[in-house]
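The entries below keep the order in which I looked things up.

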2 protein chains.
Amino acid sequence: MQPFSNQITQLFGIEIPIIQAGMIWASGWRLASAVSNAGGLGVIGSGSMYPNVLKEHIQKYKVASTNPFAVNVPLLYPNIDEHIQIIIDEKVPIVFTSAGNPKTYTSLLKREGIKVVHVVSSSKFALKAQDAGCDAVVAEGFEAGGHNGREETTSFILIPSVAQAVSIPVIAAGGIATGKQMFAAMALGADAVQVGSRFIASNEASCHINFKNAIINTNEGDTQLSLKQLTPVRLLKNKFYEKVNIAELNCNSNEDLQILLGKGRAKKGMFEGQLDDGELEIGQVSSQIKNILPAVEIVNELWDEYNRICNSYCK
Amino acid sequence: MQPFSNQITQLFGIEIPIIQAGMIWASGWRLASAVSNAGGLGVIGSGSMYPNVLKEHIQKYKVASTNPFAVNVPLLYPNIDEHIQIIIDEKVPIVFTSAGNPKTYTSLLKREGIKVVHVVSSSKFALKAQDAGCDAVVAEGFEAGGHNGREETTSFILIPSVAQAVSIPVIAAGGIATGKQMFAAMALGADAVQVGSRFIASNEASCHINFKNAIINTNEGDTQLSLKQLTPVRLLKNKFYEKVNIAELNCNSNEDLQILLGKGRAKKGMFEGQLDDGELEIGQVSSQIKNILPAVEIVNELWDEYNRICNSYCK
């Protein structure tokens, strides 16, 4: 097989256009290095890390892999300036920013020779990211797990819309756990895919085994975009979700919802494995994930199926 | 080019696996016959028709085309028994049922030699339709216009899930207005596509020109799944939608919502062209529709683009 090459593999210096999503409480150096060593792009999710923890993960990554990797930085994170400084000091080659204005840090990071990718949920935000100087965008559809846009545009609409709107490469996220879905995303105009939930159910993900098992036991219809009054987030429907749902149906105030949400609920659910009381951020596609695998096998399965489908059109 | 053939084209006796959605106030004999004459499957939408009007449309269809066609029957319609009798008397070859239990009429229709297709929003309902004896299912994703499921499963997840769950053919609906989207749907496991909003913006659709113009002026994020307390329906955000939205945010009762909705609001919006006060049912994909075309050109554009993409994998 000839080596694959497109704008994204060239931009990042990787072999396979599969990018692991930077997920809080799940994607540390172990998962990121496994994905990068398999030929994709591993991403360290800094959103659940104190600055010293992030630094440790970057340094451990470098021991585990010499391949390119990225750090995901939610721009609303309180320690953001410390995170950015560590990323620069540690010469992280690629940064994915999300949940904030791409203007704030893109120029600074680019001056340091860092590639910058911003996560968006609409063509309008994709254009803003392009104008801010980003090298690529992640177009994240409504079906994705975790925090999401208010317009609820699904991957079927969002991928071709964003691909038409911008001239920089587009990475599709949301609804992708199989080579078939990867193929559909690429056909709709994506240059690569970003895969979240499928990598939660990997040996190397640092989340709790209860959470991994929850993913592989998810059925169709078991997730819901929730907490729309605060910040929309796709959750697995558990006891905590039901409480939120009742509060929302009863028109409780934002303050009441904030109290109900409390602090540390995502950690409780995803890292400590408290499936009833925790906040469990997963994508709709979890219903199609049936096993926990080493990350290298996930990359290979996706890539092999993608290539088999490409070849099936040529009889 | 060799003639295309698969389970759906064989089942319906058509040339091209493109099915026009049966849409209230828009799809009468004129649109249905134009689509069928172009090689796809035209569908008369009976949901907005009195029995005598349905009969007239079927008879006019037969003058305009000798190709196969279908009638779409929402099973909650008050005149349902009269509609079913007319369909049998007029020897309609194919019926699409929606919004109800497929067990109720499928056996009766099948005994009359009529092919029956049921519209579903989940794999669970797809299996029920298969068990009821349906010949195929329409898997309708969250992005679709009009009435929709509560689980909010998008086409990216729903198509492969339903295709895996049932052994009867699967028609994908929701998010399909281009050959690219048709290709993605087929790659995800569909045997055909059902296209709604794109055919609203056709010369032959019987809806008001104001409504057709509203479709081609829709931007990304301009639709929303609304009225979830009653029956979820995807609407264009207009003044009426804003009133519903405020009522829902204020936790108004179902009775209050029903009063706000009133009667005849869909007719007002889509047939009479009152864009502010009417209920305007359209899909998310409307943001990608930019012109009003003859239905034959819509079928040809979709099919040509689909085939171009298939061939592009074979260099």
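Before reading any bridge partners, I noted that two strands pair if DSSP finds at least two bridges between them, and that helices (H or I, at least four residues) and strands (E, at least two) are DSSP runs, numbered from the N terminus. This is a predicted model, in which local features need pLDDT of at least 70 and side-chain atom pairs count only at pLDDT 80 or more, while totals for chains, interfaces and linings use all residues. Residues are numbered from 1 along each chain as its sequence is written, and chains are lettered from A and ligands numbered from 1 in the order in which they are written.

Entry 1, strand 9 of chain A. I looked up the partner of A172(A) in strand 9 of chain A and found V193(A); I18(A) also stands opposite V193(A). Strand 8 (residues 170-173) of chain A pairs with strand 9 in the parallel sense over three bridges, and strand 1 (residues 18-20) of chain A likewise pairs with strand 9 in the parallel sense over three bridges.

Strand 8, helix 8 (residues 179-187) and strand 9 of chain A form a right-handed β-α-β unit, where right-handed says that, with the strands pointing away from the viewer, the path from the first strand over the helix to the second runs clockwise.

I then turned to helix 8 of chain B (residues 179-187), where nine of the nine residues are buried, so the helix is largely enclosed by the rest of the structure; among them are K180(B), Q181(B) and F183(B). G189(B), which follows helix 8 of chain B, has a positive phi, near 125°.

How is chain B laid on chain A? A turn of 180° with a shift of 0.0 Å along the axis does so with an RMSD of 0.0 Å, the superposition being by least squares on the C-alpha atoms of residues with pLDDT of at least 70 in both. The two copies are thus related as by a two-fold rotation axis.

31 residues of chain B are in contact with 32 residues of chain A (contact requires C-beta atoms, placed from the backbone, within 7 Å). On the side of chain B that touches chain A, helix 7 (155-165), helix 8 and helix 14 (295-312) of chain B each supply at least two residues. I also noted that 100% of the interface residues of chain B are interface residues in chain A too, so the copies meet through the same surface.

The assignment, automatic or from a database, gives domain 1 (7-207 + 288-312) and domain 2 (216-284).

Terms used. Two residues are in contact if their C-beta atoms, placed from the backbone, lie within 7 Å. A residue is buried if 20 or more other C-beta atoms lie within 10 Å of its own, exposed if 12 or fewer, and partly exposed in between; C-beta atoms are placed from the backbone.
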